[in-house]
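Please find below some brief notes on the model.

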Amino acid sequence: MHKNIREKRFSYGKMRKLCYTKGMKRQNHALHLKDLFRQQAEQIPDLTAVKYQEPAGSGEITCVTYRQLYDDICKRAAEIAGSGLSAAGIPAGGESQTAEAKGEGALSQADVSPTEGIIVDGSYASVIEIFAANAAGLTVVMMEPLADPGLMKKRLAATDVNRLWTWGSVQEISSGPVRGKENRILFFTSGTTESARAVILTGDSLLASAYNGTADLPLTTDDTLLCMLPLFHVFGFVCGLLWGLVNGACVALGRGERHMMDDLAFFHPTVVSLVPVLFEFLLKKNLFNEELQTILIGAGGCPKESIEMAQHKGIRVCFGYGLTETSSGVAISVSGDPYAMQVCVEDKVTITGEGEILVESPACMMEGYYRNPEATEAVLKDGILHTGDIGFLDSGGKLHITGRIKDILVLPDGTKIFLPEYEAILARALPDLQVACGEENGEVILYYYGDMSEHEVERVLHGLMGLMPRGHQVRRIVRRQEPIPRNAAGKIVRSRLQI
């Protein structure tokens, strides 16, 4: 049965025509996520939308058609709507609990909705829950599985989550005010534990982002996109899931970290999205399957030698640039130099005199950081996002990324560390020392000046590092013979730390 479906994919893929040019939307764009699934169910009902294996490592592959995917979303959305809270966020038979309704400002019922946190474990059920909750009018907060319980509690409170979906069950966790807004989907930025912010996106902005990338790098119904990246990050959600679904391709849901070494051989994808560290791991282990034609890399760069090794295998390597704040993609490389990226059709990029990349993207831009207007105003000014990234536009209008504003460290897995905040934490633990941080070979380095030995510093930091994500932990300690270099304004001169 699956073979026949693949044959249909090929014929449909050849018939499909993209009508998407600069400044003009693709003719068959869906406006909302629920419109997308209805549209695909009507146009390609019998093609496989999603395939997965649950439990991982045992049993047959389950193939879900676009018709069944739509039906599953509709069924779950109806269950959510009938669970006691309407899409407007008003308890069945009750009065509005919104703060605004209690005299803090007036909003219509359409402006508020209950908020559901979803533990996004990558399962088919979690995918259905995301789309169904959105269709039912709930605000959705994408939550990381296996997160520290304390951090989870803080994030639930910070986003006013009323109910939490976890591995198939829903727990009511708050009877407080309903503050959500219909169609919102919140993603946390990939910053440090304390600095990560909840970014307000919408189903519409995420869908627009998927179409945005498709304009330059389309898939066909003959493609299988392997989703190996976590869906609670916007790059994984848009480029590991929505990218395939808007093109009528088949999305294979990866089976988690235990199966990263064999998922490519198991699902036989033609396309996969990866972060640099995973790309290089799979490449060095020679784990790319024969059917693989295209790799999309985001969240950082890779050595030229690694790219050439993949190309030698006949694999097309493309790079994408985007941010959580822009619903993922801003630019993408499609030919020639993989680091020279074509700015996506919905976006406008300009470069400041200091080299900072500014992005204007009305269709894909965030509404802001949730309940954090100060942070929003600091980066989003008159609809233009100040990215903190450094780059340039070449003579052909292609975007090149050359670095980051110095106070932000970007690690190979795509996570970010806001250095002043990180260094303040370290300084509190080491009050008698001057401290600063840097990065080398993807690892965080602590530079310090003072009278403690490196062994003593390591002992003091041992407990603190255990509270931080593994990728954010200090891996090397360097004792300087001179004070930490600073400029006249007192800021650390990071270019001189290694001298």
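Is Cys344 buried or exposed? Cys344 is buried, at a relative accessible area of 2%; buried means under 20% relative accessible area, exposed over 50% and partly exposed in between, with a 1.4 Å probe and protein chains only.

1. Basis. This is a predicted model, in which local features need pLDDT of at least 70 and side-chain atom pairs count only at pLDDT 80 or more, while totals for chains, interfaces and linings use all residues. Residues are numbered from 1 along each chain as its sequence is written, and side-chain values use heavy atoms, with hydrogens and water left out.

2. Cysteines. The whole structure contains zero disulfides (pairs of cysteine sulfur atoms within 2.5 Å). For Cys344, the closest cysteine sulfur is that of Cys364, 7.9 Å away and too far for a bond. Cys318 is buried, with 1% relative accessibility.

3. Thr294. This residue lies in strand S12 (residues 294-297); strands (E, at least two residues) and helices (H or I, at least four) are DSSP runs numbered from the N terminus. Thr294 is buried at 12% relative accessible area. Leaving aside residues up to four places away in sequence, its contacts include Val272, Ile315 and Cys318 (contact means heavy atoms within 4.5 Å).

4. Cores. The largest nonpolar core has 104 residues, and Phe131, Phe237, Leu245 and Phe288 have the most contacts inside it. A nonpolar core is a set of buried Ala, Val, Leu, Ile, Met, Phe, Trp, Tyr and Cys residues joined through side-chain atoms within 4.5 Å. Helix H7 (residues 234-246) gives this core its largest share, 10 residues. A second, separate core of 20 residues includes Leu430, Cys437, Met465 and Ile477.
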